[in-house]
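Please brief me on the rings, pockets, strands and helices of the structure shown here, with the cut-offs behind each term.

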Amino acid sequence: MTQNSYSLAELVIVACAEVWRENGEVMATGIGPLPRIGAGLAKLSFAPAIQTTDGECWYTSEPVGPGKRAAEPEFEGIANYDRVFSALWSGRRHALVGPVQIDRYGQANISVIGDHKKPKAAMLGARGFPGNSISHPNSFFFPNHNKRAFVEGEVDFVCMAGYNPARYRNGQPPKGLDLRRIITNLCVMDFGGPDHQIRVISLHPGVTFEEVQDNTGFPLAKIADEIPTTPAPTAEQLAIIAKVDPNNVRASVFKDNPAGDRKAA
């Protein structure tokens, strides 16, 4: 049996790629280095129909990784506001986003920490989160799984709709609400628990459910009593990741994480 050495970042990239499995021809938007590389891995392996961009204004035939480019990519067509929003509003986009806070209902926050009238910190503002959350599927990435990110009660400012029935008009969830997965430095989760409760579906190697729960501000469901281990990258996947990320930007994401390198069978 051979073993491949891989990093926590590469494990997370493989988990991120899985959000686009069997999505068909959709615009794949990965916000941040690891989700962006994950979209590239998906396109070059099991999801060739997904559409990726150069991160600026062009669709590209092959994924464009983060960092300095050695050469200009091959462009397939323009990805201007008109085309992007046409895909977005019609549901033909799946975004993997990185909010600052999320709660048990999947409501996400990228706007302020603390009271909105006098916040402790002001960030991006709600931006496209309200419309995006009810227009197309969304998944989430959190590099640091802790109670500041996975908050007790509601997020400080609701930017993205979630499965909180108290927020529904006439008791009906927003049409088009489709929250898929959450990938963190500890585990992979989805919204498959009772009443769309957040549920742990895999644990990264060496991580326990108790550790995940201790770092979450609300009770978590789990897919089974024995939670599966997050699949490790294969040699083929590691080669694709290196191709998509020739600048090795992935190495800087968890540089202060004590997990270090892991071994994959």
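A residue counts as buried at under 20% relative accessible area, as exposed at over 50%, and as partly exposed in between, with a 1.4 Å probe and protein chains only. Helices (H or I, at least four residues) and strands (E, at least two) are DSSP runs, numbered from the N terminus. By these terms, ten of the ten residues of helix α1 (residues 8–17) are buried, so α1 is largely enclosed by the rest of the structure. The model is a predicted one, in which local features need pLDDT of at least 70 and side-chain atom pairs count only at pLDDT 80 or more, while totals for chains, interfaces and linings use all residues. Residues are numbered from 1 along each chain as its sequence is written, and side-chain values use heavy atoms, with hydrogens and water left out.

**Helix α1**
- The buried residues of α1 include Glu 10 and Cys 16, along with Leu 8, Val 12 and Ala 17.

**Aromatic pairs**
- Four aromatic pairs are found in a search of the whole structure, where rings of Phe, Tyr and Trp (its six-membered ring) pair if their centres lie within 6.5 Å, and planes under 30 degrees apart count as stacked, over 60 as edge-to-face and the rest as tilted.
- The pair of Phe 85 and Trp 89 is tilted, because the ring centres are 5.1 Å apart and the planes stand at 35°.
- Both Phe 85 and Trp 89 belong to helix α3 (residues 81–89), where they are four residues apart, about one turn of the helix.
- Phe 85 is partly exposed, at 29% relative accessibility, whereas Trp 89 is exposed, at 61%.
- Tyr 163 and Phe 191 make another tilted pair, with 5.9 Å from centre to centre and 55° between the planes.
- This pair links distant parts of the chain, 28 residues apart, with Tyr 163 in the loop between β11 (138–142) and β12 (179–184) and Phe 191 in the loop between β13 (187–190) and β14 (199–203).
- Tyr 163 and Phe 191 are both buried, and together with Phe 140 they form one aromatic cluster.

**Charges over rings**
- The charged end of Arg 21 sits over the ring of Phe 46, 3.8 Å from the ring centre, the criterion being that NZ of Lys or CZ of Arg is within 6 Å of the ring centre and within 35 degrees of the ring normal.
- Lys 222 lies over the face of Phe 209, at 4.7 Å from the ring centre.

**Strand pairing**
- β11 and β12 run parallel and are joined by four bridges, where two strands pair if DSSP finds at least two bridges between them.
- Phe 141 has Ile 183 in β12 as its bridge partner.
- β12 and β13 run antiparallel and are joined by three bridges, with a hairpin of two residues connecting them.
- Arg 181 stands opposite Asp 190 in β13.

**Largest pocket**
- A pocket is, on a 1 Å grid over the protein atoms alone, an open set of points where a 1.4 Å probe fits, with protein on both sides within 12 Å along at least five of seven lines, and its lining residues have an atom within 4 Å of a point.
- The largest pocket is lined by 35 residues, and Met 27, Thr 29, Ile 31, Gly 55 and Arg 93 lie nearest its centre.
- Elements that each supply at least two residues of this lining include α2 (33–43), α3 and β6 (93–97).
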